[in-house]
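Visitor: I have some questions about this structure. Can we go through it piece by piece?

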Amino acid sequence: MKLACQIFNPDRQATWLVWLHGLLGCGNEWLPIVSACNQHASLVIDLPGHGDSADITAVGGFAGMSKLLNETLLACQIHDYWLIGYSLGGRFAMYYATQNYATQNHATHSHQKGLRGILVEGGNPGLFSQQERDARLLHDRHWAQRFRKESMLAVLADWYQQPVFADLSPEQRSHFIHLRSRNRGCSIADMLENTSLGHQPWLVPALQKLTVPFAYLCGEHDQKFKEIVKQYALPSKIIPQAGHNTHSSNPADFSAAVNHFLSLFG
């Protein structure tokens, strides 16, 4: 099965960029950044439960998403690529890259050999303890129930009051609520449960051993993820005048950081 996707600048000779959005988002939100990174060919994907992939369910969580991504890349004949992911998309990019590392080191079959590197924006590398993971599962099940039973506008009004979105102005918060309200509540609920941080492996040890380039882009006002970057010594670039959704609040500096990092590797 192939995920819904769009192709831009396919005639470029540089390595492909594959863009992965966050929960409640869609591929179109990357388009200003894709335009600023137009020396590369780009594949912009709608993740399961979102956009034009709303009818696709991420059965099996990140493992199932890896299979869907591999099938999408194969259908698009993309064999050399970078993954660039925000929030949920960033978590998936880290999972995908670390599974690639594991499969290569155990000499097992891997569809991910074309991965050239990852850029992660505001993605959590995982929770260390089972207690933290269990608490997160309960947290995400609560939100999933609300997405299934209540109107999107009502749930999103509370969703964007969470501490990670504290940097948003009232106007920005209103904009995101309006934008995200186009989603289907049941599809978002399924995705939230299937890809909960409570199900995600603890990826830090594997990230520290990655053999492909890796950078973490973090907004200067994103206190939670700045602390994560510092705590685990992840290779990072701080984007000024930006919070959790850096590519939305400061697209110019975000794009410049992406282009600079990619330029270091040809």
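**Buried residues and helix packing**

Guide: Ser-187 is buried, with a relative accessible area of 11%. This is a predicted model.

Visitor: Which helix is Ser-187 in?

Guide: Ser-187 belongs to helix H7.

Visitor: And what does Ser-187 touch, leaving aside its neighbours within four places in sequence?

Guide: With those neighbours left out, Ser-187 is in contact with Gly-49 and Ala-54. Thr-57 is 130 residues from Ser-187 in sequence, and their C-alpha atoms are 7.5 Å apart in space.

Visitor: Staying with H7, at what angle do H4 and H7 pack?

Guide: About 170 degrees, with the two axes 7 Å apart. H4 and H7 are therefore roughly antiparallel to each other, since angles over 145 degrees count as such.

Visitor: Is that crossing left-handed or right-handed?

Guide: H4 and H7 cross in a left-handed way. On the H4 side the contact is made by Asp-140, Arg-141, Trp-143, Ala-144, Phe-147 and Arg-148. H7 contributes Gly-185, Cys-186, Ile-188, Ala-189, Asp-190, Leu-192 and Glu-193.

Visitor: How many nonpolar, polar and charged residues are in the contact of H4 with H7?

Guide: Seven are nonpolar, one is polar and five are charged.

Visitor: What about H4 and H5, how far apart are their axes?

Guide: The axes of H4 (residues 130-149) and H5 (residues 152-159) are 8 Å apart, and the helices pack at an angle of about 150 degrees. H4 and H5 are therefore also described as roughly antiparallel to each other. H4 passes H5 in a right-handed crossing.

Visitor: Which residues make the contact there?

Guide: From H4, Trp-143, Arg-146 and Phe-147. From H5, Met-152, Ala-154, Val-155, Leu-156, Asp-158 and Trp-159. By class, the contact of H4 with H5 has seven nonpolar residues, two charged ones and no polar ones.

Visitor: Changing topic. Where does Gln-200 lie?

Guide: In the loop between helix H7 (185-194) and helix H8 (204-207).

Visitor: Buried or exposed, that Gln-200?

Guide: Gln-200 is buried, at a relative accessible area of 1%.

Visitor: What does the side chain of Gln-200 make a polar contact with?

Guide: It pairs with the side chain of Arg-91, at 2.6 Å. The Gln-200 side chain also reaches the backbone oxygen of Pro-125 at 3.4 Å. Not counting residues up to four places away in sequence, Gln-200 touches Phe-62, Arg-91, Asn-124, Pro-125, Gly-126 and Arg-133.

Visitor: Next, Thr-98. Which helix is the place of Thr-98?

Guide: Helix H3, residues 88-105. Thr-98 is buried, with a relative accessible area of 3%.

Visitor: Which backbone oxygen lies 2.9 Å from a polar atom of the Thr-98 side chain?

Guide: The backbone oxygen of Met-94. Not counting residues up to four places away in sequence, Thr-98 touches Leu-203, Ala-206, Leu-207 and Leu-210.

Visitor: Last one, Phe-225. Where is Phe-225 found?

Guide: Phe-225 is in helix H9, residues 223-231. Its relative accessibility is 5%, and Phe-225 therefore counts as buried, the cut-off being under 20%.

Visitor: What is Phe-225 in contact with, neighbours within four places in sequence aside?

Guide: Phe-225 is in contact with Gly-122, Gly-123, Asn-124, Val-164, Tyr-216, Cys-218 and His-244. As for Asn-9, Phe-225 is 216 residues from it in sequence and 32 Å from it in space, C-alpha to C-alpha.

Conventions. Residues are numbered from 1 along each chain as its sequence is written. This is a predicted model: local features need pLDDT of at least 70, side-chain atom pairs count only at pLDDT 80 or more; totals for chains, interfaces and linings use all residues. Side-chain values use heavy atoms; hydrogens and water are left out. Axes are lines fitted to C-alpha atoms, for helices over the stretch in contact, and angles run from 0 to 180 degrees between N-to-C directions. Helices (H or I, at least four residues) and strands (E, at least two) are DSSP runs, numbered from the N terminus. Angles under 35 degrees count as roughly parallel, over 145 as roughly antiparallel, 65 to 115 as roughly perpendicular and the rest as oblique. A crossing is left-handed if the near helix is turned anticlockwise from the far one by less than a right angle, and right-handed if clockwise. Contact means heavy atoms within 4.5 Å. Ala, Val, Leu, Ile, Met, Phe, Trp, Tyr, Cys and Pro count as nonpolar, Asp, Glu, Lys and Arg as charged, and the others, Gly among them, as polar. Buried means under 20% relative accessible area, exposed over 50%, partly exposed in between (1.4 Å probe, protein chains only). A polar contact is a pair of N or O atoms within 3.5 Å; within protein, one must be able to donate a hydrogen and the other to accept it, and residues adjacent in sequence count only if both atoms are side-chain atoms.
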